[in-house]
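Let us read this structure feature by feature.

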Amino acid sequence: RRRVGEMRLEARGAIEPETARARLESGLGAAIGTPVRLTGSADVRLLPLPRIVWTDAAVTDVATGAAVLEAEAIEATIALAPLLHGSAEPVGFTLRGARASLRPEAWRLTPDRLAALPPIDVRLENGRIDLALDDGRSERLTAIDGRIVRSDGALSVDLEARWKTEPVSVDAGLPLASPETRWRLVVGAAGATLKASGRLRDGRPGLDGTLSLSLPEPNRLARLLADGLARDLLRVPLTISSDLAATPEAVTLTDLSLSLGRAAATGSLALALASPGPALSGTLAFDKLDLSAEPTFGDGWGVLPLDRRLLGLSLDLRMSAKRLITPHLELLRAAASLNLAEGRLNAELGDATLWGRRVSALLVGDLRDGGLAARLRAVAKDLPAAEIGRLFDVEGVEGGTVGATFEGQVGCATLSACTGAADGRLRLSAADLVVTGSSPF
């Protein structure tokens with residue numbers, strides 16, 4: 001017993017809180033980009049494992065004195081084998097009940113700052129972080145549990161938390177030394193899952209790999225991420241899988257497979273991030289896009305403002321469908337395009353087939369600060385009169401053809417307002433029309 005007591009005293013004397021303090025200050029300071037100082041009541045404990053515990057701990061910015069992090073307790077675990085030889089080496093830290101407030105420049109980790117992190121192993125238990133945003137608002141993550149490990153060649157992150165009312169999680173492995181090491185990223189939020197993996201490019205910024213996205217409840221995620229303008233856009237599950245190439249200038253998705261409810265499409269998408277602003281381009285090709293079986297798109301599209309100041313995104317998109325089925329019509333070989341650049345809008349439905357005849361529509365105009373001002377032209381030639389009669393519940397129309405051309409203007413502030421805002425001239429022509437006595441004609 002006397003010898004055990006002597007060993008405890010020797011071990012306790014070998015544990016120097018300043019060594020562990022310096023290790024933790026170095027890691028936290030490198031992570032948030034400014035030197036910090038740890039204060040609190042330090043207590044050396046030997047059982048069940050050697051450790052140093054700071055209670056009522058605080059981490060402050062050395063330059064400003066402002067509190068960066070406060071915690072109920074911060075625990076530094078000491079390696080047992082070196083301690084038996086008189087050397088106290090901290091091998092990991094646990095932050096219990098930590099509360100942090102971080103400025104944007106502190107929580108946005110750049111590759112250079114990640115590479116500068118010293119080796120450290122940190123566990124979080126029931127933490128809370130307030131993240132300041134550029135617009136002055138802040139977002140709070142609560143119930144944070146998990147682990148962050150910076151080893152010699154990689155950074156590993158495994159965290160779970162709650163954001164607003166939803167569970168969120170991050171599982172990432174990032175190489176910090178050899179580009180041959182694969183990276184992985186799995187993000188979960190509100191039932192949605194984003195998975196990506198690949199390798200860093202050797203000698204130049206960028207990465208290559210694969211990406212998959214699963215949104216079983218799109219509106220649930222929209223309520224978490226966006227304000228009212230972006231809610232209720234999709235009412236069916238959405239999944240995406242593709243090859244991924246990313247640089248500081250652009251993100252490209254190739255060999256893309258997309259499912260929207262029961263519909264499936266292939267194509268590619270590219271998001272350019274360079275000046276003068278972000279630009280989204282790409283193509284999607286559906287075999288059958290059936291919008292009649294279940295509500296696919298929500299009411300959120302109708303209230304989206306057509307305001308150049310709010311969109312801030314250039315578009316160059318192409319979509320096609322061998323069969324486009326709506327509750328009332330079926331179009332064959334439908335091809336549509338949408339181009340928006342510097343406030344100039346061009347939307348076109350080109351030479352789709354309706355009842356065996358070609359139809360087309362073109363919208364060209366300007367997206368201004370207060371809404372859309374555009375010219376609209378729609379053409380349909382030699383449509384079967386009997387099909388038109390059935391569409392509009394007009395009895396007695398048995399044969400003949402009808403042609404229609406509309407040319408006019410439309411001005412509106414939202415998408416839903418555009419449907420009733422068209423003003424122009426409609427020209428109708430009929431040939432060989434056959435009606436019965438019950439027809440209103």
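Q: Leaving aside its neighbours within four places in sequence, which residues is C412 in contact with?
A: Contact means heavy atoms within 4.5 Å. By that rule C412 is in contact with L306, G371, L372, A417, C418 and A421. This is a predicted model: local features need pLDDT of at least 70, side-chain atom pairs count only at pLDDT 80 or more, and totals for chains, interfaces and linings use all residues. Residues are numbered from 1 along each chain as its sequence is written, and side-chain values use heavy atoms, with hydrogens and water left out.

Q: Where is C412 placed?
A: Helices (H or I, at least four residues) and strands (E, at least two) are DSSP runs, numbered from the N terminus. C412 belongs to strand β22, residues 397–412. In sequence C412 and A422 are 10 residues apart; in space their C-alpha atoms are 9.0 Å apart.

Q: How many disulfides does the structure hold?
A: A disulfide is a covalent bond between the sulfur atoms of two cysteines. Here the cut-off is a pair of cysteine sulfur atoms within 2.5 Å. The structure holds 1. C412 is joined to C418, with S to S at 1.8 Å. The torsion about their S-S bond is about 70°, so the disulfide is right-handed.

Q: Is C412 buried or exposed?
A: Buried means under 20% relative accessible area, exposed over 50%, and partly exposed in between (1.4 Å probe, protein chains only). C412 is buried because its relative accessibility is 8%. C418 has 17%, so C418 is buried too. Across the 441 residues of the protein, 35% count as buried.

Q: Which residues have the most contacts inside the largest nonpolar core?
A: In soluble globular proteins, nonpolar side chains tend to be buried together. A nonpolar core is a set of buried Ala, Val, Leu, Ile, Met, Phe, Trp, Tyr and Cys residues joined through side-chain atoms within 4.5 Å. The largest one has 67 residues, and W54, L69, I74, F93, L95 and L258 have the most contacts inside it. Strand β3 (residues 67–78) gives the most to this core: 6 residues. A second, separate core has 11 residues, including C418, L340, L363 and V410.

Q: Which residues form the aromatic pair?
A: Rings of Phe, Tyr and Trp (its six-membered ring) pair if their centres lie within 6.5 Å; planes under 30 degrees apart count as stacked, over 60 as edge-to-face and the rest as tilted. A search of the whole structure finds 1 pair. F297 and W301 form it, edge-to-face, at 6.3 Å centre to centre with 80° between the planes. F297 is partly exposed because its relative accessibility is 40%. W301, at 35%, is partly exposed as well.

Q: What does the side chain of E166 make a polar contact with?
A: A polar contact is a pair of N or O atoms within 3.5 Å; within protein, one must be able to donate a hydrogen and the other to accept it, and residues adjacent in sequence count only if both atoms are side-chain atoms. The partner is the side chain of R220, at 2.8 Å. E166 lies in strand β9, residues 166–175. With a relative accessible area of 12%, E166 is buried.
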